[in-house]
Amino acid sequence: DRALVWFRRDLRVDDQAALYHALKTARQVFCAFVLDRDILDALPREDRRVQFILDALQVLDEDLRRLGGALIVRHGFAADELPRLAAELGVQAVFTNHDDEPQALKRDALVAELLGSFGCELRTSKDHVIFERREVMTAAGGPYGVFTPYKNAWLKKVDPFYLSSYPVERHAHALTANKLAKGVPTLADIGFKPAGLIDHMGRGSRGAAALLDDFLDRIQDYDNKRDFPAVKGPSYLSTHLRFGTVSIRRLARIAHDLMKGGDHGAEVWLSELIWRDFYHQVMHHHPHAMTAAFRPEYDQIQWETGAHADRLFTAWCEGRTGYPLVDAAMRQINQTGYMHNRLRMVVASFLTKDLGLDWRRGEAYFAQQLLDFDLAANNGGWQWASSSGCDAQPYFRIFNPIAQSEKFDAQGKFIRRYCPELADLDDRAIHDPWTRAPLDMQGRDYPQPIVDHAIARERTLARYAVVKSRA
Ligand code: FAD
């Protein structure tokens, strides 16, 4: 008759599947989060995500207290702490939501086994996506490998049942506070330092709600504005989706309803949410792709290695490639932990197809830097750009970083924001300054291009020829 809810990537009270199921089942429900040293110990001591999580936990604790519960926060190894806490509280079941990342599945199997040793059950629910695992399959019973047919099947299957919210508050009387709930630790308590989290990302579920309100005022323009990094086009909700400070059901329901009313912006945005489900199911069906190429023939590609390759990689990370849009994008991720989607595609293409570097190096750098880092989406994005993935960009389609710049940042507004050393160049020169304004560039602290795009393009086509011959 007692249950524990183990929060992970679902840091909210509203429409939370595991919390709802626990409240429906048990008379006393406790809530906990483990700051897992298996994850935290590997991070640098300054990490924006840790601040984001602590902020979200603070809001979660306040919301639970308002409903009569409270959040117990532990700092240690989840596989030790969670079973220990369940035993201490004398619960018969622990409720949690699916986390389908390979490492998380291993951890959960271990926790289930440890709980089982004293008769406690681990009960899990879907919460992070609309459809997961084997819910959307082809007529032949296999997983989809191409997005558009997946999306069509997704849209055909979706109905109010999948999009409706769990009415948590209606059952909240079972929430129980406990003396073990002593508030949320500070960064210093767990050995971290402030990392400069930008305010406009918003704190916890309240921050997510504010971002959503703001986005709903402009969702109808999403399709026209989403590709221009200097324009406020996208929702900026990815970090909240990652940590579950907003419910995916709520977002998909809003978008789906607006789409049915003829809103094209909402329709395109819903498609992006479906991409998120798509990559999530790719991870479930093809876990090998989380470390190797989705299409094995792409593992034959010989990437650049050695000291020169390392220097190219460092220039890319630091935003000093001599290609202004690439550099502005890399400075955006370094300074804020966010990067606009168009720019993620541009810099990923640049790393693999202009610099000839292994996509996994870029993927790992994004994994360190992104506030919204999500294994399935990040891997999907990188393998799309390197052409090795499921429904990826064909290998012979190679973005021209200058043409991308002229098209998507025509007046150089975004470049000027992140590369102030170029701010006074005119709208034409700013995309390719060393060619178009060489005299103006003398003595400026801005590098010459580290590769010539035309030459790099030819090299890439040659590099990818091993794929063509095997395809
Ligand atoms: P919006 O345009 O408002 O989109 C709404 C939501 O849809 C996003 O919050 C996100 O959850 C989802 N979404 C949008 N595009 C994609 C996509 N292509 N794949 C999967 N989900 C998508 N997204 C992440 O959440 N985490 C990552 O680690 C990540 N790494 C990426 C790496 C590369 C190389 C590329 C090309 C894309 C990556 N994306 C990743 C997808 C996308 O760039 C971000 O989701 C988006 O920029 C987040 O901004 P937003 O919330 O304002 O997006």
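The shell around the ligand comprises 15 nonpolar, six polar and seven charged residues. In this predicted model, 28 residues surround the ligand. Domain 2 (129–164 + 205–285) and domain 3 (296–470) both contribute to that shell, so the ligand lies between them.

**Ligand surroundings**

- The closest residues to the ligand are Pro 234, Ser 235, Ser 238, Asn 378 and Gly 381.
- Two or more shell residues come from each of helix 10 (238–243), helix 12 (264–285), helix 15 (341–354) and helix 17 (375–385).
- Helix 17 supplies the largest share of the shell, with six residues.

**Domains and annotation**

- The domain assignment divides the protein into domain 1 (2–127), domain 2 (129–164 + 205–285) and domain 3 (296–470).
- The centres of domain 1 and domain 3, taken over C-alpha atoms, are separated by 38 Å.
- An unreviewed UniProt entry carries the annotation "domain: Photolyase/cryptochrome alpha/beta" for residues 1–130.

**Overall fold**

- The protein contains 23 helices and five strands.
- Its radius of gyration is 24 Å, close to the 23 Å given by the globule rule for 471 residues, so the protein is as compact as a globular protein of that length.
- The C-alpha trace spans about 75 × 50 × 50 Å along the principal axes of the protein.
- Buried residues make up 45% of the 471 residues of the protein.
- Of the contacts between residues at least 6 apart in sequence, 76% join residues at least 24 apart.

**Helix 1**

- Helix 1 (residues 17–25) is largely enclosed by the rest of the structure, because seven of its nine residues are buried.
- The buried residues of helix 1 are Ala 17, Ala 18, Leu 19, Tyr 20, His 21, Ala 22 and Leu 23.

Technical notes
Residues numbered from 1 in each chain as written. Predicted model: local features only at pLDDT ≥ 70, side-chain atom pairs only at ≥ 80, totals over all residues. UniProt positions renumbered as here; feature names shortened; annotations may be inferred. Near = placed C-beta within 6 Å. Helix = DSSP H or I, 4+ residues; strand = E, 2+ residues; numbered from the N terminus. Nonpolar A, V, L, I, M, F, W, Y, C, P; charged D, E, K, R; others polar. Domains from an automatic or database assignment. Rg over C-alpha atoms; globule rule 2.2 N^0.38 Å. Buried ≥ 20, exposed ≤ 12 C-beta atoms within 10 Å, placed from the backbone. Contact = placed C-beta atoms within 7 Å.
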